[in-house]
Amino acid sequence: MAEEHANGSVNGANGSEPANKLLERVVRTPGRQPSPQPTHLGVPGAMPHRILRESGPGYVAPKFEGKAKQMDDVKNQVDEKGFIPTDLVDDEVEWFYNELGIDDMYFSTESADAIVSHVHSLYAAKVAAYARDDKKLEIRLDKEAADHAVYIDTSVPGLSSTEGSGFEARLEQKYLDGSKGSNSYRVETFRSPSKLPGGGDQALRCYFVYQATFKNPSPAPNETSIEELGDVRFLQKTTPNTKAVYQRVMEAVVSRTGPVIDMYDVEGSREKRLIVAFKQGSAIGLFTALSDLYHYYGLTSSRKYVEQFSNGITILSIYLRHAPHSESRHPPIEASIHQITKEVSLLYCIPQSRFQAHFTSGRLSLQESIYAHCVWVFTQHFLNRLGNEYNTLTSLLDVSNNVHAELLSKLKKRLRTETFTADYILEIINQYPELVRALYLTFANAHYMQTRGDEDDFLPTLSYLRMKVDRIMTDDELKLLISKTAVNEHHEMVMTAFRVFNSSVLKTNFYTPTKVALSFRLNPSFLPPAEYAQPLYGMFLIISSEFRGFHLRFRDIARGGIRIVKSRSREAYAINARSLFDENYNLANTQQRKNKDIPEGGSKGVILLDIQHQDKVSLAFEKYIDSIMDLLLPPTSPGIKDPIVDLHGKEEILFMGPDENTADLVNWATEHARIRGAPWWKSFFTGKSPKLGGIPHDAYGMTTLSVREYVKGIYRKLNLDETQVRKLQTGGPDGDLGSNEILLGNEKYCAIVDGAGVLVDPNGLDRGELLRLAKERKMISAFDISKLSKEGYRVLVEESNITLPSGETVNNGTSFRNTFHLRDAEQFDMFVPCGGRPESIDFSSASRLISKGKAIIPYIVEGANLFITQEAKLRLEKAGCIIFKDASANKGGVTSSSLEVLASLSFDDENFLSHMCVQPDGTVPKFYQDYVKQVQLKIQENARLEFEAIWRENQETGIARSLLSDRLSLAITKMDEELQGTELWDNVELRRSVLSDALPALLLHDIGLDKIMERVPENYLRAIFGSYLASRFIYTMGISASPVSFFAFMNKRMAKVNGA
């Protein structure tokens, strides 16, 4: 169908010749086409279009007064060495000093000896070129020192070459990537204005690297003046106009999570100045990748500057012009610069994708290569790797049989590990760039939104025009194309994953003008039910150069923590990457079962740091949160955050909290949500500072209160004397759960295992010393070992060849720590895991806790999430162990978080600040203190109710407590969902009665039910209504209660309503 555009009439998918000459130039150039997706040509920096009112570079080097004398010295030394004929010495040295455009900074920095070496090297390169058959002049000079470096090479302007010197990548890796504080480096690079004699199209490129010397190395936190933050050389050399440009950019970037990208016209020329500013370390590899980007569009840089500032900001300034002979094969620079400006934001997210070579060579555009990178990540986690044979085996075996279940679990892990590795998937995708292009077009067609219409600077965009020429294929056509193109079944499976990805993406920030990581909201229906029995409601995939991550939830209204996973080695990273999604799914599923007493369902977020970026915890978290918010918030800043295509079509709110490695980051997330205008900022994160209305779990022992109810319940039911119970605990006095378990308990602690090692005393560890460590949050490495009995000992992870009091030798402290909980050399009555990695006890290792058919530890309360596999729990229960699993015991934190959110939703902003926020002077509002006490009582009540229900049901039926815990959770959540869909909610009096019982009395007293119902979203109130009725019914009447029982339960409830 023909469409009329601003630049002419263009026929679309019918294959007729385009009438637009500009389009003709773009789409008919093989391999060198703008990315095949429409991009509006806005400037993501959201700054008005400006013209630089100066024609020079904006840098003026201080004059080197000793330059003439130095040149004479260099001439004399060159002449003395005799390598260059005497009659050529003056010409060669003067050419080096005067014709290459090298500024005085270089000459004032380098010694005469170093300059002589460079002059000799350049002359030698000319001689070598003369001797070559192709007469090619090739210069590769480098000098690297601790505080500066010089690189000089030859290259053809506007071309990225895999056979080049690699100097840019080298200097970036050696000096720029690690720039931080006083160890920061600035770069000046320029291309020689004159061609080299006999060099053809080649020109000389010089790079100068200098260690920064900041005017103020320790600026105030809010300092933004470049006169204070700048490097001394930078401040000396830059013109007032250039300083003003940098100042504007600085003021913009300090207030942003991501980069600031801006562009200026250079007065009196077609040259453009591109400026990119970002936080140090947040875009590793960007300097080199930018060269590939502008080369792709036929541009070259005449000058480039990398400036560092003492507040941790990096600013790149690049002067761009058409490469020689490129204008006939590429669009005008006025069009290309807008494409580049838009695409820098994408490049910032993943500066060096796994398909960079395809982009550098022109086989794929930037969008296509980064799209391929994202699908490569997706495929690693979701390729159907188990096959029909596994499904057949599943149907033949009895999954309720512990041995069969464990066998299937191990087989699943083995198949996933060995079939499709990340490298194998990459190798396959690399073979099909044409398929990637076709698949990308379908993705772009679904998710690009032309937002600015006639206001766009350059309509129609080149990419948009090309999209009208390259026909977009249907899914059936793509399926057939893949089938015909793929060389075998494995290749077809990998490329089919692109189709699955395309059909699953409901919304993405891929085309948002500014972003810090790529986020995709996926429809999880593609997950095979055989592997993931409980269907997910929502799934987010987030990808950046520093990490990959997921956020999974089982209901629309759901709650769960965000954890960051680190890896000590490449092997550990590979294992963590393979298990990332499954661990996230299992954690969210456990959370779903935990959340039976609260309105929110279960969710969890997991961030896996790339092996090269283990130190980027804060950066990864910030990028993860900001990119998810891109998909939750409506756009408010044209040119910065534009509308996105939303195939989900419903407003979404996520409720998050702290988890491993994120506890100290939630304040930032709360403030960031407020700054970005999120109406739900108060409830976005729990676990935040009390000054922001948070109720810290560790300070008030929220998680431990629930665990303790189960521990005390066992003591109560079995009439045990707590002070005589021998106790083992993993997770030490430095952690939330571990420290509060020590503070609240009164058992005879015989062993504690934590990150530092193992602490043991069969006669009981000194309680006073343990309390000291718990209050100070210190590991067992700080325990005063003089307070151990003669049978006691401590083994730290870094120790080896340690002899225990028994005479046993410990060869490796780390191995001893990792397996101590499986030892039978010590005797314990109660084991409370308060920390440790998931699956620390599985079906096989559980056998080490069983002797002669009887469990050697009689009681276990699983405080740490997923510490023991379900198969292992059932095996231990069969051997007589009384176990209460994590989904039941460890639910205090989620109850606290839910009630924290309820308060934030119930108060308006003003009263929230006065009632729920600790004041700047440390004053704690009385309401806050009283509310915390009510939350603690509610946690204990819910835990007691569930403990009694499970204990009673086990006594009556003999069913394992671990199974009853799951069945109880499923019964409550199933009934909850059913109740929310009934007409019971429509009974206003019943609704008010249930909410009056479910909501904290303090909120009802201070705010009133009517105000709460007015402020809290209806779907959240429905969830409170359903979860309260369902949990009270199941706790009271039992898991298998009949409909008649529910009728009786509701009659009692209605009688209360009518009586009221």
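Visitor: Which residue just after H28 takes a positive phi?

Guide: The residue is Arg-777, with a phi of about 55°. The model is predicted, and local features need pLDDT of at least 70, side-chain atom pairs count only at pLDDT 80 or more, and totals for chains, interfaces and linings use all residues. Residues are numbered from 1 along each chain as its sequence is written, and side-chain values use heavy atoms, with hydrogens and water left out.

H28 comprises residues 767–776; helices (H or I, at least four residues) and strands (E, at least two) are DSSP runs, numbered from the N terminus. Within the helix, Glu-769, Leu-770, Leu-773 and Ala-774 are buried (under 20% relative accessible area, with exposed over 50% and partly exposed in between; 1.4 Å probe, protein chains only). Viewed down the axis of H28, these buried residues fall within an arc of 135°, so they line one face of the helix; the arc is that of the directions from the helix axis to the C-beta atoms. An α-helix has 3.6 residues a turn, so residues three or four places apart point the same way. The buried residues of H28 pack against helix H27 (736–744) and strand E20 (748–754), contact being heavy atoms within 4.5 Å.

The structure holds 72 salt bridges, each a side-chain nitrogen of Lys or Arg within 4 Å of a carboxyl oxygen of Asp or Glu. One of them joins Arg-555 to Glu-977, with the closest N and O atoms 3.4 Å apart. This pair links distant parts of the chain, 422 residues apart: Arg-555 lies in the loop between strand E15 (547–553) and strand E16 (558–565), and Glu-977 lies in helix H35 (residues 961–980). Arg-555 counts as buried at 11% relative accessibility, whereas Glu-977, at 45%, is partly exposed.

Another bridge brings together the side chains of Asp-630 and Arg-676 (2.9 Å, N to O). Asp-630 belongs to helix H22 (residues 617–632), and Arg-676 to the loop between helix H23 (666–675) and helix H24 (681–684), 46 residues apart. Asp-630 is buried, at 7% relative accessibility. Finally, salt bridges link Arg-563, Glu-583, Lys-604, Asp-659, Glu-660 and Arg-837 in a network.
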